[in-house]
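Work through the following exercises with the sequence and the coordinates open. Each task is followed by a solution in steps.

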Amino acid sequence: MDELEAVCEWCGGSGWKPVTREGIGGVLRCDCYNNGRIPRMTAAANIPPLYRNASFENFNTLPENPVTHRHLQHAVTVAMSFAREYPFSTKRQGLLFIGDPGTGKTHLAVAVLKRLIQRGFAGLFFDYQNLLERLRTSYDAAAGSALREAYQQALDCEVLLLDDLGAHRVSDWVEDTVTSLITHRYNNNKPIIATTNLRDPEAGDPPLPSGIGGDASARYYLTERIGMRARSRLFEMCRAVSTRGVEDYRIRKGRMLQ
Ligand SMILES: Nc1ncnc2c1ncn2[C@@H]1O[C@H](COP(=O)(O)OP(=O)(O)OP(=O)(O)O)[C@@H](O)[C@H]1O
Ligand SMILES: [Mg+2]
Ligand SMILES: [Zn+2]
């Protein structure tokens, strides 16, 4: 054991410290347990480097436009209360961030995931497209079982962050796979925190104007990409949080730097 992991003077390294209350002895979680555990769990969550620092504290809800300010403020409030109250007093066991590219969906989803980890829940970040790709190649690769393991983790982990849901061409296989993933979590009462830029009327998105225009990703409905069954369960499990109409932060930042 190296010096950094010197045995704790309170608990002797067991992670439980003895306490006496009103003459009765018992044990409590020792601080040292949490101190080591949370950074470990955060590191194991597979959060991409670009988002490792994403938090509620560094999420800016003060854009120039008062309408988008209200949108973002609402998104942050819902996200924070979910992160605080889970698994109690939340009607739905999940969040679906839905909106245009660059509006902070992944940032907020990661902020929620990190809070939940701080509260002791184990969580994993998965990029939707990458997860499906790994699963698909697992069928003909020699390293198949290792690749399939990722999918198993997505099924069974305590908290799942599924980023960029539906960012994939549609096929029966994709539809079946995402449906079984969502159904499995739904049946086991395990939460999903998802992000998507696909449209859905349930999240307040207006119908598409006729004729083609605008951003390609916003031209599709969620149902078209993940199928009706997966979409229906997703909305039953998740509270939708819309950032539609908020200005792209990547573009805003670019302008501020000019
Ligand atoms: N309100 C904000 N305050 C601070 N940083 C922000 C805010 N919104 C977005 N960002 C930052 O801008 C970048 C883009 O945001 P993010 O990736 O969360 O957008 P997104 O909605 O998930 O986009 P996409 O649909 O393309 O995945 C990230 O680096 C994020 O940390
Ligand atoms: Mg994103
Ligand atoms: Zn200790």
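**Exercise 1.** At what angle do helix α1 (residues 31-43) and α3 pack, and how far apart are their axes?

Solution. The model is a predicted one.
Step 1: the angle between α1 and α3 is about 145°, and their axes are 9 Å apart.
Step 2: the crossing of α1 and α3 is right-handed.
Step 3: on the α1 side the contact involves Ile38, Met41 and Thr42, and on the α3 side Lys114, Ile117 and Gln118.
Step 4: sorted by type, the residues of this contact of α1 with α3 are 3 nonpolar, 2 polar and 1 charged.

**Exercise 2.** Describe how α2 packs on α3, from the axes to the residues.

Solution. Step 1: the axes of α2 and α3 cross at roughly 20° and come within 9 Å.
Step 1: angles under 35 degrees count as roughly parallel, and α2 and α3 are therefore roughly parallel to each other.
Step 2: α2 passes α3 in a right-handed crossing.
Step 3: from α2, the residues Ala75, Val76, Ala79, Phe82 and Ala83 meet Leu108, Ala111, Val112, Arg115 and Leu116 of α3.
Step 4: the division by type for the contact of α2 with α3 is 9 nonpolar, no polar and 1 charged.

**Exercise 3.** How many residues does the largest nonpolar core have, and which of them have the most contacts inside it?

Solution. Step 1: the largest nonpolar core has 52 residues.
Step 1: Val112, Leu113 and Ile193 are the residues with the most contacts inside this core.
Step 2: helix α3 (residues 105-118) contributes the largest share of the core, 8 residues.
Step 3: leaving out residues up to four places away in sequence, Leu113 touches Ala45, Gly123, Phe125, Val159, Leu161 and Ile193.
Step 4: for background, nonpolar side chains tend to be buried together in soluble globular proteins.

**Exercise 4.** Which two residues does a cis peptide bond join, and where does Pro87 lie?

Solution. Step 1: the cis peptide bond joins Tyr86 and Pro87, with omega about 0°.
Step 1: Pro87 is in the loop between α2 (66-85) and β3 (94-98).

**Exercise 5.** Are Ile251 and Thr137 buried, partly exposed or exposed?

Solution. Step 1: Ile251 belongs to helix α9 (residues 249-257).
Step 1: Ile251 counts as exposed because it has 11 C-beta neighbours inside 10 Å.
Step 2: Thr137 belongs to helix α4 (residues 128-138).
Step 3: Thr137 counts as partly exposed because it has 13 C-beta neighbours inside 10 Å.
Step 4: Thr137 and Arg148 are 11 residues apart along the chain, and their C-alpha atoms are separated by 9.0 Å.

**Exercise 6.** Summarise the protein as a whole.

Solution. Step 1: the protein has 9 helices and 7 strands.
Step 1: the C-alpha atoms fill a box of roughly 75 × 50 × 40 Å along the principal axes.
Step 2: of the 258 residues in the protein, 30% are buried.
Step 3: among contacts with a separation of 6 or more, 73% are between residues 24 or more positions apart.

Notes: Residues are numbered from 1 along each chain as its sequence is written. Chains are lettered from A and ligands numbered from 1 in the order in which they are written. This is a predicted model: local features need pLDDT of at least 70, side-chain atom pairs count only at pLDDT 80 or more; totals for chains, interfaces and linings use all residues. A nonpolar core is a set of buried Ala, Val, Leu, Ile, Met, Phe, Trp, Tyr and Cys residues joined through C-beta atoms within 7 Å. A residue is buried if 20 or more other C-beta atoms lie within 10 Å of its own, exposed if 12 or fewer, and partly exposed in between; C-beta atoms are placed from the backbone. Helices (H or I, at least four residues) and strands (E, at least two) are DSSP runs, numbered from the N terminus. Two residues are in contact if their C-beta atoms, placed from the backbone, lie within 7 Å. Axes are lines fitted to C-alpha atoms, for helices over the stretch in contact, and angles run from 0 to 180 degrees between N-to-C directions. A crossing is left-handed if the near helix is turned anticlockwise from the far one by less than a right angle, and right-handed if clockwise. Ala, Val, Leu, Ile, Met, Phe, Trp, Tyr, Cys and Pro count as nonpolar, Asp, Glu, Lys and Arg as charged, and the others, Gly among them, as polar. Angles under 35 degrees count as roughly parallel, over 145 as roughly antiparallel, 65 to 115 as roughly perpendicular and the rest as oblique.
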